[in-house]
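Okay, thanks for coming, everyone. Have a look at this one with me, and then I'll talk through a few of its contacts.

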Amino acid sequence: MSYAKHLSQTASTCDSPASGANRIVRDPAREKRANTVTRRLAINMGFTCNLRCRFCYYLESIKAGRTNDASTEEVKRRLRTGRSWGKRAVDLTGGEPTVRADLPELVAYAREIGYKDICIITNGWVIGSEDGYLEKLASAGLNDVLMSLHGARARTHESLTCRKGSFDRILKAAERARGLAGLNLRFNHVVCEQNFDEVAETADLMASFTPNAINFILFQPTRDASRSDEAIRFRSYSQAAPFVMQAIDRHKAAVPHINVRDIPFCLLKGCEHHVKTLCQLQYEKVEWDYCLDVQFKRGKPFFIASVLAGAGLCVGNPYFWSADADNKMHLALQQARIFTARKKGPQCRGCAINHICDGLVKDYAERNGCSELAPYAGDRITNPTYFMPRDEIE
Ligand code: SF4
């Protein structure tokens, strides 16, 4: 099908209950919501992986053998730190967590010290190939799996994961997860230039496993991924957005949570309640506490410097002054991340939701400019969770 014909068939009917497309009419109840920071943390246990995904944040490090793998004791220490911060959900990630022989022990430890939700973020290779492995993790306490599927066909998925057989393995893994009672299944789908035109078909495939959530993550060339090849970089978000909206429209009734990450609101107008920018992440139940994440990855001095710098960027935001201390710390950290990783256009200054949007990924904006951005008119919004469905907020 030609692109033009496809577009004509994919007009969005997202119909966000919280936006009037181009004009915002403020709902005072949403604007006044009190927000609590997520009680979930992520622990990156190291970069060792059995695939070589072309969009991976750690690809060059993996290829160079810099795997940064944390010891069993170090992961346990981070789990205890999370509990001392009041966290009750954890995503164990990498790299690929299932390549670690100590994973069942770590899951059992997380359960023992009080985590309620214990998740692994996985490419499915081991789960799909080893009989009884997922059952073993589930009996240790695992109750949530976030799987990574990047295409509707083996050709597409494997052109990105760079390992033959990975498509069959992830489908087998999803089937096994679906067959285990009490296991929450979610999907990540990295959308990039190579696969955006089959996003709806990939969503059909993911939805066939009746997941609780699908995350469309638009490729971000940051960290090692900043050196990734041209073929996977977006040439135009505006070209990709209708395909994402088509996928949302097809599955919004059946899949409880559909999230789109790393694209600004104005490129998915009408679907604002699915868009989660850096401004929303810290309030999402399924997202991580980035204050802990930065401390684990970069150390306390870097964390403190980032929060102080970010606080200086928040002074013009009325929501910042009304927030409690915990909220302020997270808002400041996210502003520092936005300052280094995102870019807005001059038109954003007049946008009604400027305070709760992070703009474009910097690499994309520097290559393509900001002319695609279309500001909202109407009432100014300052509460970061304004568009979010209530059941997705901590
Ligand atoms: S602030 Fe800028 S990028 Fe964000 S929605 Fe408004 S115009 Fe778009």
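Let's start with α4 and α5, which cross in a right-handed way (the near helix is turned clockwise from the far one by less than a right angle). Helices here are DSSP runs of H or I, at least four residues, numbered from the N terminus. Before going on: this is a predicted model, where local features need pLDDT of at least 70, side-chain atom pairs count only at pLDDT 80 or more, and totals for chains, interfaces and linings use all residues. Residue numbers run from 1 along each chain as its sequence is written.

So, α4 covers residues 72-84 and α5 residues 103-112, and they pack at about 25° with axes 10 Å apart. Axes are lines fitted to C-alpha atoms over the stretch in contact, with angles from 0 to 180 degrees between N-to-C directions. That makes the two roughly parallel, a label for angles under 35 degrees. On the α4 side we have Thr 72, Val 75, Lys 76 and Leu 79, meeting Glu 105, Leu 106, Tyr 109 and Ala 110 of α5; contact means C-beta atoms, placed from the backbone, within 7 Å.

Now compare α14, residues 300-313, with α16, residues 325-341: about 85°, axes 7 Å apart. These two are therefore roughly perpendicular, which is the label for 65 to 115 degrees.

Last, the ligand. It has 14 residues around it, and the closest are Pro 264, Cys 266, Cys 348, Cys 351 and Cys 357. To count, a residue needs its C-beta atom, placed from the backbone, within 6 Å.

Definitions and conventions: Parallel < 35°, antiparallel > 145°, perpendicular 65-115°, else oblique. Contact = placed C-beta atoms within 7 Å.
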